Amino acid sequence: MFLIGLTGGIGSGKTTVASRLKTLGARIVDADKIAREIVEPGEPALAELAEAFDGVLNADGTLNRAELARQAFATPEATEKLNSITHPRIRERTLERFAQARTEAVPVLVYDMPLLIENGEYKKMDHVLVVDAADELRIDRLVNSRGLDEDDARRRIAAQISREERLAAADSVVDNSGTRDQLLQQVDTFWEQVVAPQLGEK
């Protein structure tokens with residue numbers, strides 16, 4: 001199984017790249033999706049978050065993600081508190097998905113993980129693919145596409161490692177400073193040049 005680590009800063013376009021890789025034939029393990037699963041009602045992480053952060057539960061017992069994000073990204077200490085609760089559980093469930101893929105003889109598995117570099121997981125990948133875009137462009141996307149206010153967008157970017165650190169760990173980079181079509185073309189080229197040879201394809 002060829003294991004690709006896919007990462008990029010918030011607002012970089014990583015989701016678009018993952019979707020294209022899935023279309024090309026990869027199975028995706030999405031860390032953000034797993035992160036949502038482990039804080040559903042009844043999950044231990046939800047109770048721990050409610051204890052660590054004030055007022056992050058909705059009236060129906062579900063997680064108020066916007067309020068958690070507001071508090072958790074306010075300071076480095078708060079971000080670390082969030083990560084210490086969620087990351088071990090995300091990792092456990094991720095390993096379950098990896099094992100399932102190996103059992104099913106999946107040829108290409110993409111681990112879509114925002115913190116791939118920060119937590120050292122990139123060292124366990126066969127290949128690291130980074131989606132890159134300038135910070136100001138990412139802020140513009142977060143404000144205009146996701147509805148964040150500019151200060152919140154800047155805080156979230158500041159809470160992650162720098163572009164330079166992310167690029168230093170990359171085996172391949174796709175540049176998302178242009179159009180969506182240009183991004184997809186780069187992903188197709190990556191598949192042809194990097195993935196296809198691993199599968200014995202010409």
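# A tour by selection

Arg155 and Asp152 share helix α7 (residues 150-158), where they sit three residues apart, about one turn of the helix. Helices here are DSSP runs of H or I with at least four residues, strands are DSSP runs of E with at least two, and both are numbered from the N terminus. The model is predicted, so local features need pLDDT of at least 70 and side-chain atom pairs count only at pLDDT 80 or more, while totals for chains, interfaces and linings use all residues. Residues are numbered from 1 along each chain as its sequence is written, and side-chain values use heavy atoms, with hydrogens and water left out.

**Stop 1: helix α7**

Keep Arg155 and Asp152 selected and show their side chains. The two form a salt bridge, with the closest N and O atoms 3.9 Å apart. A salt bridge is a side-chain nitrogen of Lys or Arg within 4 Å of a carboxyl oxygen of Asp or Glu. By this rule the count comes to 16 salt bridges. Arg155 is partly exposed, because its relative accessibility is 35%; Asp152, at 12%, counts as buried. The classes are buried for under 20% relative accessible area, exposed for over 50%, and partly exposed in between (1.4 Å probe, protein chains only).

**Stop 2**

Select Glu104 and Arg27. Their side chains meet in a salt bridge at 2.6 Å, N to O. Glu104 is in the loop between α5 and β3 and Arg27 is in strand β2 (residues 27-30), so the pair ties together parts that are 77 residues apart in sequence. Glu104 is partly exposed at 41% relative accessibility, and Arg27 is partly exposed at 31%.

Ala105 is exposed, with a relative accessible area of 61%.

**Stop 2: the aromatic pair**

Select Phe98 and Tyr111. The structure holds one aromatic pair. The ring centres of Phe98 and Tyr111 are 5.2 Å apart and the ring planes stand at 85°, so the pair is edge-to-face. Phe98 belongs to helix α5 (residues 76-103) and Tyr111 to strand β3 (residues 108-112), so the contact ties together parts that are 13 residues apart in sequence. The rule pairs rings of Phe, Tyr and Trp (its six-membered ring) if their centres lie within 6.5 Å; planes under 30 degrees apart count as stacked, over 60 as edge-to-face and the rest as tilted. Both Phe98 and Tyr111 are buried.

**Stop 3: the loop between β3 and β4**

Select Lys124, placed in the loop between β3 and β4 (127-132). Which residue forms a salt bridge with Lys124? The partner is Glu121, with the closest N and O atoms 3.2 Å apart. Lys124 is partly exposed, at a relative accessible area of 48%, whereas Glu121 counts as buried at 9% relative accessibility.

Lys124 and Leu3 are 121 residues apart along the chain, and their C-alpha atoms are separated by 8.6 Å.

Move to Met125, which also lies in the loop between β3 and β4. Is Met125 buried or exposed? Met125 counts as buried, at 10% relative accessibility.

**Stop 4: helix α1**

Select Val17, found in helix α1. Val17 is buried, with a relative accessible area of 0%. The C-alpha atoms of Val17 and Asp151 are separated by 26 Å, and the two residues are 134 residues apart along the chain.

Next, select Lys22, also in helix α1 (residues 14-24). Lys22 counts as exposed at 58% relative accessibility.

**Stop 6**

Finally, select Glu37, Glu43, Arg93 and Arg97. These four residues are linked in a network of salt bridges.
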